[in-house]
Amino acid sequence: MSVDHFWCRLPGPAVDSCSPEELGELVPRDRDVRYDRLAAAGLALGVRRTAALMELALTENGLHPDPAARLPVYGGGRPEPDAETLVMRPDQVVAASTFLRDSALGELVRQQDSILARTVTTLGYPTPWSESVAARVVNDLRALRDFFADAAAAGDAVIVRKAN
């Protein structure tokens, strides 16, 4: 099954010693043995079919008029459409962690119920928007919150990769 997005932790200083291409290669492209090892160690997180919905819940909530505050899990701005990999420095990881920790994730999803339902239809999801899909989005947001909390506590950078 395909994965929408991966987040992968690495020591903060590695950001300065690797090229963007090298950093991108550190992140698995699909759920494979390498991903399983990184995820078991708490160093990677991948979500299936919920990344676009997670982004909408985080950005269309109306709680943050500042666009930079709306996209903490992307370093404060949307990645370029053709960008496959985004690197978040440790200070950006701390900001994302704080945002996610302070957000009522279930409420963000509930607030955007109609937008998320339309998105599921527009993007051709195999199942219609429902309470179970909403619960999956909330669970993935909570997993992302915990992932960023651990990364921030360790002083890690995070690489975000859109799956192809």
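Asp156 is buried, with a relative accessible area of 9%, where buried means under 20% relative accessible area, exposed over 50% and partly exposed in between (1.4 Å probe, protein chains only). The model is predicted, so that local features need pLDDT of at least 70 and side-chain atom pairs count only at pLDDT 80 or more, while totals for chains, interfaces and linings use all residues. Residues are numbered from 1 along each chain as its sequence is written, and side-chain values use heavy atoms, with hydrogens and water left out.

Asp156 forms a salt bridge with Arg9, and the closest N and O atoms of the pair are 2.8 Å apart. A salt bridge is taken as a side-chain nitrogen of Lys or Arg within 4 Å of a carboxyl oxygen of Asp or Glu. This pair joins distant parts of the chain, with Arg9 in strand S1 (residues 5–11) and Asp156 in strand S4, 147 residues apart. Helices (H or I, at least four residues) and strands (E, at least two) are DSSP runs numbered from the N terminus. Arg9 is also buried, at 14% relative accessible area.

The structure holds five salt bridges. One of them connects the side chains of Arg101 and Asp102 at 3.0 Å, N to O. Asp102 is exposed, with a relative accessible area of 55%, and Arg101 counts as exposed at 55% relative accessibility. Another salt bridge is formed by Arg145 and Asp146 at 3.2 Å, N to O. Here Arg145 is partly exposed, at 26% relative accessible area, and Asp146 counts as partly exposed at 40%.

The largest nonpolar core contains 33 residues, of which Trp7, Leu53, Val109, Trp129, Leu141, Phe148 and Val158 touch the most other members. A nonpolar core is a set of buried Ala, Val, Leu, Ile, Met, Phe, Trp, Tyr and Cys residues joined through side-chain atoms within 4.5 Å. Two or more residues of this core come from each of strand S2 (44–47), helix H4 (51–59), helix H6 (90–102), helix H7 (105–111), helix H8 (113–122), helix H9 (131–154) and strand S4 (156–162). H9 gives the largest share, 10 residues.

Leaving out residues up to four places away in sequence, Val158 touches Trp7, Cys8, Arg9, Leu86, Val87, Met88, Val93, Phe147, Phe148 and Ala151, contact being heavy atoms within 4.5 Å. Another core, of 12 residues, lies apart from the largest one and includes Cys8, Ala14, Val15 and Tyr35.
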